[in-house]
Amino acid sequence: MHTDTALLRSRPADASIASLAIVGNAPGTGAAEAIDAAECVVRFNNAAGFRGATGSRVTHLALVNRGGQMREWLEDRHFLERPLVRAAQAFILPFPMLPDEHNRPEPICWTSDILALLHPTGRPVHILSEALHDHARDLLAPRTPGRPNPSTGFLVTLALLCARAPGAPPVQAYGFGFDGWPGHPWAAERAWFVGEEAAGRLHLHPFESAPCPR
């Protein structure tokens, strides 16, 4: 296994040029056939709809490596046996590792723990850089008050688009509801997605039914 901040160097497909589906966790996606037809399929966390309405393929699985959700996974002795985790061919950790002095007294960063857990799988792990986070905040700042706190979905999508080769087909984005934890700038993120779609770099697929909070 290797850790790598340069996203998308993992096989079997080079996602810088391949057809790429990014699957968010909002309900109402229902595009299993189209998602499974992509050469690369990126999913998030517990991947709502996996092996059902959103298809059964995953090449890259993004796992939030800070906060209570990761702590819950680490406490699950059968985490590596989950069908989603077993199917993933590479992993993405959206947050860079915090220095020890910034991770006390109550730890919030579980990067070293999840790296140790994933090590026996032998599969690549990609950690998004602080520079990518800075870029994300710069993009969102004009559209929202205060200091933006980008969502995992935004960070991973931005990293994927930054890694795309010139002339690559548009990224296909499914299941993005732009709703959930109120600390994320959802309206600003939606506006950025719409702008990327207008520029021809991304296609934001509509819901089959009205989205609900994630």
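## Reading salt bridges and cores

Tutor: A search of the whole structure, a predicted model, finds five salt bridges.

Student: Which residue forms a salt bridge with Asp134?

Tutor: Arg137 does. The closest N and O atoms are 2.6 Å apart.

Student: How are Asp134 and Arg137 placed in helix 5?

Tutor: They are three residues apart in helix 5 (residues 130–140), so about one helical turn separates them. Glu130 joins in too: Glu130, Asp134 and Arg137 are linked in a network of salt bridges.

Student: Is Arg137 buried or exposed?

Tutor: Buried means under 20% relative accessible area. Arg137 has 12%, so it counts as buried. Asp134, at 37%, counts as partly exposed.

Student: Now the core. What tends to happen to nonpolar side chains in soluble globular proteins?

Tutor: They tend to be buried together. Here the largest nonpolar core has 50 residues. Leu61, Leu63, Phe91, Val156, Phe176 and Phe193 touch the most other members.

Student: Which helix gives the most to this core?

Tutor: Helix 6 (residues 152–163), with seven residues.

Student: What is Val156 in contact with, leaving aside neighbours within four places in sequence?

Tutor: Val42, Phe44, Ala62, Ile92 and Leu128. There is also a second, separate core of seven residues, including Ala31, Ile35, Ala38 and Tyr174.

Technical notes: Residues are numbered from 1 along each chain as its sequence is written. This is a predicted model: local features need pLDDT of at least 70, side-chain atom pairs count only at pLDDT 80 or more; totals for chains, interfaces and linings use all residues. Side-chain values use heavy atoms; hydrogens and water are left out. A nonpolar core is a set of buried Ala, Val, Leu, Ile, Met, Phe, Trp, Tyr and Cys residues joined through side-chain atoms within 4.5 Å. Buried means under 20% relative accessible area, exposed over 50%, partly exposed in between (1.4 Å probe, protein chains only). Helices (H or I, at least four residues) and strands (E, at least two) are DSSP runs, numbered from the N terminus. Contact means heavy atoms within 4.5 Å. A salt bridge is a side-chain nitrogen of Lys or Arg within 4 Å of a carboxyl oxygen of Asp or Glu.
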